[in-house]
Amino acid sequence: MDSDLILRIKSGDQNAFRDLYNKYSSFIYTLSYRLCGSSEEAKDLVQEFFIRFYNNIDKFDINYPFIPWSKRVLTNLYIDKKRSKKEYVSFEELTSEDDERSFDPVDNSLLPEDMIIRFENKEAIEKALLKLPEIYRVVIVLFYQEDLSIKEISNILSVDEGTVKMRISRGRKKLYRELSTYEV
Amino acid sequence: MRCDECRKLIELEELGMITSKQLSELETHIANCPECLYLRQRSQRLTNSLKNLPILSPPENLFSLILYRIEKEEFIKNCITFFVFMFFALLIGSVFLNNINYSIFSVEIEESVFYIFSLVWEIFCNNIFLIYLLIGSILLFIVFSVYKKRKELLS
């Protein structure tokens with residue numbers, strides 16, 4: 001039980017902290033890696049997350065489930081970090097390249113089944129996801145991997161719900177385009 | 001239903017916002033339109049793949065790095081607490097000793113707060129014993145912290 005682990009950490013048991021890390025580090029690292037797009041940044045974010053968790057353990061409510069809490073905190077940490085470095089690009093700063101048709105044309109050069117297979121290739125999707133511009137990658141990760149609702153994402157990113165929907169759609173279009181040119 | 005309307009419904013489905021009525025309209029259209037059927041399949045497979053990407057393993061030394069940073073931060077916090085404590089202890093001590101007119105601290109106290117700081121400085125300058133005491137305390141503190149850290153790492 002997480003509440004037992006957290007109570008043990010609160011009482012100063014470092015082994016409990018190690019157990020909690022072992023239990024959730026893969027989840028936290030995966031999320032960080034997909035948000036940041038690089039392993040170095042992901043490592044920094046994971047460290048920051050666990051240090052903050054440890055230093056503020058007294059304020060942690062043991063009745064609150066760890067996973068949803070960690071998703072929110074990790075995303076906020078990531079956004080704060082980007083904002084403090086002034087790296088987070090706002091929606092308005094996008095180039096006109098992003099204003100495109102509502103759907104990509106179908107590529108007729110390949111058989112439909114051959115094309116479809118590309119959208120199941122997880123290695124290709126992982127690569128394409130990391131190549132996405134940050135504003136699209138973040139919403140796609142939050143929506144499809146963290147299972148956050150559009151409203152929750154709009155609250156975290158401080159943008160309206162329409163913007164979140166548009167970013168998801170445009171991000172997906174970029175993924176389609178990237179995957180269509182992927183060499184199998 | 002026209003193909004462009006169908007594609008809007010596919011977008012709604014991607015966002016998880018399609019109603020059951022819209023879904024049945026979509027199903028009816030794709031039954032007779034191979035191009036929209038392809039786009040729908042592509043959309044569904046991408047969604048499934050995005051939801052089921054593999055979990056990655058963090059680098060092996062990451063936990064050691066986290067512990068190291070936590071201990072470093074704790075050490076710095078302890079040092080700051082120690083210096084603040086020492087400063088106020090010396091401040092209170094010097095004021096108290098002046099009040100009882102102790103011979104080596106025979107400096108008059110004025111009401112100005114700033115004067116208290118200059119008073120502490122003056123006492124430090126005039127009494128090498130206090131400097132020894134401060135240096136000794138710092139050394140003791142460092143030795144204690146190193147011992148504590150070593151013990152934690154060994155455990």
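A salt bridge is counted here when a side-chain nitrogen of Lys or Arg lies within 4 Å of a carboxyl oxygen of Asp or Glu, and in this predicted model the count between chain A and chain B is two.

To see one of them, select Glu48(A) and Arg69(B), whose side chains meet in a salt bridge with 3.3 Å from N to O. If you then colour the side of chain A that touches chain B by residue class, you will find 25 nonpolar, nine polar and twelve charged residues.

Next, show both partners together: 46 residues of chain A are in contact with 36 residues of chain B, and the area buried between the two chains is about 4300 Å², of which carbon and sulfur atoms give 67%. Between chain A and chain B there are also eleven residue pairs in polar contact, counted where both residues are at pLDDT 80 or more.

Finally, turn to the largest pocket, which holds about 270 Å³ of space. Select Glu71(B), Phe75(B), Asn78(B), Ser145(B) and Lys149(B), which are the closest to its centre of the 13 residues that line the pocket. Helix H4 (62–99) and helix H6 (128–154) of chain B are the elements that give two or more residues to this lining, and H6(B) provides the largest share, seven residues. By class, the lining of the largest pocket divides into five nonpolar, two polar and six charged residues.

Conventions. Residues are numbered from 1 along each chain as its sequence is written. Chains are lettered from A and ligands numbered from 1 in the order in which they are written. This is a predicted model: local features need pLDDT of at least 70, side-chain atom pairs count only at pLDDT 80 or more; totals for chains, interfaces and linings use all residues. Side-chain values use heavy atoms; hydrogens and water are left out. Contact means heavy atoms within 4.5 Å. Buried area is the accessible area (1.4 Å probe) that two parts lose on being put together, summed over both. A polar contact is a pair of N or O atoms within 3.5 Å; within protein, one must be able to donate a hydrogen and the other to accept it, and residues adjacent in sequence count only if both atoms are side-chain atoms. Ala, Val, Leu, Ile, Met, Phe, Trp, Tyr, Cys and Pro count as nonpolar, Asp, Glu, Lys and Arg as charged, and the others, Gly among them, as polar. On a 1 Å grid over the protein atoms alone, a cavity is a set of points where a 1.4 Å probe fits but cannot get out, and a pocket is an open set with protein on both sides within 12 Å along at least five of seven lines; lining residues have an atom within 4 Å of a point. Grid points are joined across faces, edges and corners, and a volume is the space filled by probe spheres set on the points. Helices (H or I, at least four residues) and strands (E, at least two) are DSSP runs, numbered from the N terminus.
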